[in-house]
Amino acid sequence: MPDEFVDGKDGPCHADDIRKTFWTDVLKSLTLSYELLFAHARLMNRWVQETAPEELIPDLDERIQAIRADIR
């Protein structure tokens, strides 16, 4: 929704269609580094190990290494 970031304190600085286009463009161009994704995957895998061990990815580091090899 374009009005999600409107706080109502300073008036409508931009029309809904401009806000929507702006945030759509921002989110479409968002990029995350592989290192950030790998760190988060490891963090989530540790959490899964404690909460739902059957969902654990035991070879996560090997998969990460394979991805690193592919992107070089």
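Val26 is found in helix H1, where helices are DSSP runs of H or I of at least four residues, numbered from the N terminus. The model is predicted: local features need pLDDT of at least 70, side-chain atom pairs count only at pLDDT 80 or more, and totals for chains, interfaces and linings use all residues. Residues are numbered from 1 along each chain as its sequence is written, and side-chain values use heavy atoms, leaving out hydrogens and water.

With a relative accessible area of 32%, Val26 is partly exposed, a class that lies between buried (under 20%) and exposed (over 50%), judged with a 1.4 Å probe and protein chains only. Val26 also belongs to a nonpolar surface patch of about 1,000 Å², whose other members include Phe22, Trp23, Tyr34 and Ile67. Such a patch joins nonpolar side chains (Val, Leu, Ile, Met, Phe, Trp, Tyr) within 5 Å, taken from residues with over 30% relative accessible area and no salt bridge. A salt bridge is a side-chain nitrogen of Lys or Arg within 4 Å of a carboxyl oxygen of Asp or Glu. Helices H1 (16-28), H2 (34-51) and H3 (60-71) each supply at least two patch residues; the largest share, four residues, comes from H1.

The whole structure holds two aromatic pairs. Phe22 and Trp23 have ring centres 4.9 Å apart and planes at 85°, so they are edge-to-face. The pair of Tyr34 and Phe38 is tilted, at 5.9 Å centre to centre and 35° between the planes. Rings of Phe, Tyr and Trp (its six-membered ring) pair if their centres lie within 6.5 Å; planes under 30 degrees apart count as stacked, over 60 as edge-to-face and the rest as tilted. Tyr34 is partly exposed at 42%, whereas Phe38 is buried at 4%.

Methods. Patch = residues over 30% accessible without salt bridge, like charges linked within 9 Å, V, L, I, M, F, W, Y side chains within 5 Å. Areas by Shrake-Rupley, 256 points an atom, 1.4 Å probe, with all protein chains shown as cover.
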